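Keep the structure open beside you and try each task before reading its solution.

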Amino acid sequence: MNEALTVEGLKVYYRTEKGTVRAVDDVSFSLARGESLAVVGESGSGKSTLGLTLIRALPANASIVSGRVYINGEEILSLSLSDFRRRYSWRVISMVFQGAMNSLNPVLKVGDQIAEPLIYNGGASRGEAQRRAMDMIELVGLPREFYYRYPHELSGGMRQRIVIAMSLVMNPRILILDEPTSALDVTIQAQIINLVKDLIEKLSLSVMFITHDLALASDIADRIMVMYGGQIVELGSAERVLGEAPKHPYTEKLLASIPRLRGETIPEFIPGRPPDLASPPPGCRFHPRCPYVFDKCRSEEPPLFKVGEGHVARCWLHGE
Ligand SMILES: Nc1ncnc2c1ncn2[C@@H]1O[C@H](COP(=O)(O)OP(=O)(O)OP(=O)(O)O)[C@@H](O)[C@H]1O
Ligand code: SF4
Ligand SMILES: [Mg+2]
């Protein structure tokens with residue numbers, strides 16, 4: 001079995017005052033061992049909800065309406081939360097949460113924050129945990145003495161390295177990174193991306209890299225999964241999705257919106273707004289913004305059509 005993780009028919013909805021928000025709406029995919037998969041989409045497309053589901057860390061108003069998630073062949077959504085936490089959290093699958101670098105505990109030394117799970121969940125002694133935390137600090141490219149620093153004594157890039165060290169301390173095989181660089185400037189962003197690439201290689205990690213930035217995705221990912229309105233709209237190898245012409249009009253628009261250093265083309269904005277997931281548009285969810293829309297798109301929801309080897313797109317242009 002070559003899959004690190006398999007997701008089948010996953011639906012995750014939030015209860016809100018406005019009604020039911022269909023944040024993840026029938027999502028199926030798998031992550032191969034050693035693969036890095038970028039999950040790309042605008043704000044509100046369901047990326048974080050997907051990640052939080054996979055590590056069983058959804059907020060209380062969320063419910064998993066249907067679906068299965070397999071890790072190493074075992075279905076993990078049906079495990080009790082305590083069972084999942086004991087056997088999977090941080091030691092098999094872990095996550096760098098969106099914005100985590102800004103929510104480190106300000107009154108604790110960063111090293112103690114890295115060491116904590118080793119003592120409380122890993123049964124390590126304080127000395128062992130401290131040594132391991134220092135090893136992790138070194139692994140993410142910082143001096144061991146940084147163990148004794150407080151979050152406010154570190155730059156944004158350094159804090160992001162600490163958060164990555166925390167996610168890896170229990171030696172997980174699968175890592176989800178949720179927008180790990182969006183709060184950083186471009187130079188630091190590149191350093192963090194290089195660090196993540198090194199770690200993938202060194203630790204043979206399987207990685208899900210969540211970002212709204214398609215350019216960043218192209219730099220790190222073997223495959224790209226484009227989400228729109230809680231659904232996958234395109235999934236394929238990075239070469240196919242980005243190198244050749246993209247097969248979904250939304251991906252095309254995302255690509256056209258990337259600023260180019262050279263060349264004549266001016267980046268385009270994607271007109272309109274992402275759908276309201278409490279009442280998504282009928283038919284294709286992208287139809288109110290799509291330049292190719294035709295009658296069928298307004299009433300019938302397209303399935304994912306095969307558009308090439310290992311490449312699918314949710315668009316009627318590729319179907320009957
Ligand atoms: N705790 C919550 N309660 C209610 N609705 C939520 C909650 N968290 C997210 N949502 C809604 O679920 C949908 C998907 O949100 P999610 O945070 O998963 O998107 P995202 O792709 O991660 O966006 P971003 O790029 O802004 O991080 C959105 O419509 C959002 O408003
Ligand atoms: S199904 Fe229709 S509206 Fe949707 S992306 Fe394809 S062409 Fe555009
Ligand atoms: Mg998010």
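**Exercise 1.** At what angle do helix 3 and helix 5 pack, and how far apart are their axes? Work out which residues meet there, too.

*Solution.* A word first: the model is predicted.

Step 1. Find helix 5 at residues 156-168; helix 3 packs with this helix at an angle of about 15°, and the two axes are 8 Å apart.

Step 2. Angles under 35 degrees count as roughly parallel, and helix 3 and helix 5 are therefore roughly parallel to each other.

Step 3. Helix 3 brings Val110, Gln113 and Ile114, which meet Ile162, Ala165 and Met166 of helix 5. Sorted by class, this contact has five nonpolar residues, one polar residue and no charged ones.

**Exercise 2.** How do the axes of helix 3 and helix 4 cross, and which residues make the contact?

*Solution.* 

Step 1. Helix 3 covers residues 110-120 and helix 4 covers residues 126-139; their axes come within 8 Å and cross at roughly 125°.

Step 2. That angle makes helix 3 oblique to helix 4.

Step 3. The crossing of helix 3 past helix 4 is right-handed.

Step 4. From helix 3, the contact uses Gly111, Ile114, Ala115, Leu118 and Ile119. Helix 4 supplies residues including Arg126, Ala129, Arg132, Ala133 and Ile137.

Step 5. Sort this contact by class and you get nine nonpolar, two polar and two charged residues.

Methods
Residues are numbered from 1 along each chain as its sequence is written. Chains are lettered from A and ligands numbered from 1 in the order in which they are written. This is a predicted model: local features need pLDDT of at least 70, side-chain atom pairs count only at pLDDT 80 or more; totals for chains, interfaces and linings use all residues. Axes are lines fitted to C-alpha atoms, for helices over the stretch in contact, and angles run from 0 to 180 degrees between N-to-C directions. Helices (H or I, at least four residues) and strands (E, at least two) are DSSP runs, numbered from the N terminus. Angles under 35 degrees count as roughly parallel, over 145 as roughly antiparallel, 65 to 115 as roughly perpendicular and the rest as oblique. A crossing is left-handed if the near helix is turned anticlockwise from the far one by less than a right angle, and right-handed if clockwise. Two residues are in contact if their C-beta atoms, placed from the backbone, lie within 7 Å. Ala, Val, Leu, Ile, Met, Phe, Trp, Tyr, Cys and Pro count as nonpolar, Asp, Glu, Lys and Arg as charged, and the others, Gly among them, as polar.
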